[in-house]
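Trainee: Could you show me how to read the features of a model like this one? I would like the general idea first and then the case at hand.

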Amino acid sequence: MIEFQVDYADLLLVGTITQNANIQGDDDCMADSCAASRLSEDDPHRLVALTRVNSSDLDQLIIIERLCTADGWTADNFLEEFDRSFSIKLGLRQAENLLAYVFFWLIAPEAFLMKLNVHPRRQGCGLGKRLLGDAIEFSKRAKATQMHLEVRIGNTPAQKLYEKFGFVTTNIRENYYSQGRHAALMTLNLDSKIQSSDLCGSS
Ligand SMILES: CC(C)(COP(=O)(O)OP(=O)(O)OC[C@H]1O[C@@H](n2cnc3c(N)ncnc32)[C@H](O)[C@@H]1OP(=O)(O)O)[C@@H](O)C(=O)NCCC(=O)NCCS
């Protein structure tokens, strides 16, 4: 297996895109987001920052995971992930609160999106779009040529999000998930003309 050389210093560059993220439409978001948007411009608690996710986030990860998906990762699954050198783990947080996380693998020359979850109280506010854009940007900087993922057919928010970034369905895996639910395999060419930064700049 060939792994990419990943320099987390790149995260700082990607993070400058995310800091001061203009979280979309107060009216569309839940109470915490609205409260955050009323904080003064220079209050650090207002900022949504892109950071690394590590094992000290385990408790928050498990809470969000359970809220987001019935058959999601266990604590052991997360701990295994923290041991994988080719696994990149990024999160969006406001002060100490984790709002969303993305885990993806960089195995040359490809990237694999393993996990993308937004806390249910913050869904629909642009965080998923922001974080997926950051993961794509990070993978491009690591010279990955394609990103692959699996998504449950019928998970409309996720499928729409991926299509928005230019992912296309390449195959269907029948009965892939519990209760006979099918998965769509989707791929994005990272040299595609669609610029993730363009999508992230819009609300
Ligand atoms: C799927 C998920 C990551 C999207 O994140 P989000 O922060 O809620 O989504 P955003 O607000 O960034 O929306 C981005 C795009 O996703 C799509 N989308 C989001 N919510 C949607 C919904 N309820 N219905 C249809 N499309 C939706 C839209 O294309 C949207 O773009 P638009 O706002 O320009 O219309 C999030 O809803 C989530 O964590 N869901 C539960 C876990 C999950 O399914 N993860 C993905 C597993 S593959």
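Trainee: Which residue in β5 stands opposite Ala111?

Mentor: Two reading notes to begin with. This is a predicted model, in which local features need pLDDT of at least 70, side-chain atom pairs count only at pLDDT 80 or more, and totals for chains, interfaces and linings use all residues. Residues are numbered from 1 along each chain as its sequence is written. As for the general idea, strands of a sheet pair through backbone hydrogen bonds, either parallel or antiparallel. Here, Ala111 has Met147 of β5 opposite. Two strands pair if DSSP finds at least two bridges between them, and β4 and β5 pair in the parallel sense over 3 bridges.

Trainee: In what order do the strands of the open sheet stand?

Mentor: The order is β1-β2-β3-β4-β5-β7-β6, with 7 strands and mixed pairing. β1 and β6 (168-173) are at the edges with a single partner strand each, so one side of each has no neighbour in the sheet. Neighbouring strands are turned by 25 degrees against each other on average, direction ignored. Helices (H or I, at least four residues) and strands (E, at least two) are DSSP runs, numbered from the N terminus. The protein chain has 7 helices and 7 strands.

Trainee: Which strands does α5 lie across?

Mentor: α5 lies across β1, β2, β3, β4 and β5, and runs at about 30 degrees to β3. α6 also packs on the sheet, where it touches β5 and β7, and its direction makes about 160 degrees with that of β5. For such angles, axes are lines fitted to C-alpha atoms, for helices over the stretch in contact, and angles run from 0 to 180 degrees between N-to-C directions. Two residues are in contact if their C-beta atoms, placed from the backbone, lie within 7 Å.

Trainee: Which residues touch the most other members of the largest nonpolar core?

Mentor: A nonpolar core is a set of buried Ala, Val, Leu, Ile, Met, Phe, Trp, Tyr and Cys residues joined through C-beta atoms within 7 Å. A residue is buried if 20 or more other C-beta atoms lie within 10 Å of its own, exposed if 12 or fewer, and partly exposed in between, with C-beta atoms placed from the backbone. In this core of 38 residues, Leu90, Val102, Phe104, Leu131, Ala135 and Met147 touch the most other members. β3 gives the most to this core, with 8 residues. Beyond its neighbours within four places in sequence, Leu90 has contacts that include Leu50, Val102, Leu131 and Ala135.

Trainee: Where is Pro109 placed, and which peptide bond is cis?

Mentor: Most residues other than glycine have a negative phi, and most peptide bonds are trans. Here, the peptide bond from Ala108 to Pro109 is cis, with omega near 0 degrees. Pro109 sits in the loop between β3 (97-107) and β4.

Trainee: Is Ala95 buried or exposed?

Mentor: Ala95 is exposed, with 12 other C-beta atoms within 10 Å. Its phi is near 55 degrees, a positive value in a residue other than glycine.

Trainee: Which residues that surround the ligand are the closest?

Mentor: A residue counts as near a molecule or strand if its C-beta atom, placed from the backbone, lies within 6 Å of it. The ligand is surrounded by 20 residues, and the closest are Gln123, Gly128, Lys129, Pro157 and Leu161. α6 provides the largest share of this shell, 6 residues.
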